[in-house]
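Colleague: I would like to learn how to read a pocket and the helices beside it. Please take me through one case.

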Amino acid sequence: MSLLQYEVFYTVYKCGSFTRAAEELHLSQSAVSHAVKALENELGLSLFIRNKAGVQLTKFGEKILPNAMQLLKLTRSIRELASQENDMVVGNISIGSFPSASFEILPRLIKRFHRVYPNVTVSILEGRYDDIRQWVHSGRVDIGLLDNPEEFENVASFRDE
């Protein structure tokens, strides 16, 4: 088992498809498939149910997801501590967004953000408000752009009529 295999496993879950995970990870779709297959072979169990609409976790995949997320979080934390020692900020931020915000608002914000934090990767997952709420609750995204986020710690970042 390797960290890359768990990173691929989590990214396939987060993106809902092998192809989108490959794009996000800057890997070939074949490399993503091989990483998941190798992890499944080592564990002796399937992690995903594959179908034409994408993928979903098996019962076993659901069981190990929190552990995989914790492993990846700890790995990011170690990298961030090392970066701080080197006076560099690195990391990943995932944003749950609705399509119009992804197109109209986020590109300018991300461009400004990257000027200050060039070593932080930003990924966007698009969906409806209900999807975004669920992604924030499950930890699938770090930030969710929502219409009425009272149930979460929130900051009004912009107003849109």
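**A pocket and its lining**

Modeller: The second largest pocket is lined by 23 residues, and those nearest its centre are E7, Y10, K14, R76 and N92. On a 1 Å grid over the protein atoms alone, a pocket is an open set of points where a 1.4 Å probe fits, with protein on both sides within 12 Å along at least five of seven lines; lining residues have an atom within 4 Å of a point. This is a predicted model, in which local features need pLDDT of at least 70, side-chain atom pairs count only at pLDDT 80 or more, and totals for chains, interfaces and linings use all residues. Residues are numbered from 1 along each chain as its sequence is written, and side-chain values use heavy atoms, leaving out hydrogens and water.

Colleague: Which element gives the most to the lining of the second largest pocket?

Modeller: Helices (H or I, at least four residues) are DSSP runs, numbered from the N terminus. Here α4 gives the most, with six residues. R76 belongs to this helix, which covers residues 59–85.

Colleague: Is R76 buried, partly exposed or exposed?

Modeller: Buried means under 20% relative accessible area, exposed over 50%, and partly exposed in between (1.4 Å probe, protein chains only). R76 has 26%, so R76 is partly exposed. Its C-alpha atom is 6.7 Å from that of G91, 15 residues apart along the chain.

Colleague: How many residues of α1 are buried?

Modeller: Ten of its 13 residues are buried, so α1 is mostly covered. Among them are Y10 and K14. After α1 comes G16, with a positive phi near 80°.

Notes. Helices (H or I, at least four residues) and strands (E, at least two) are DSSP runs, numbered from the N terminus.
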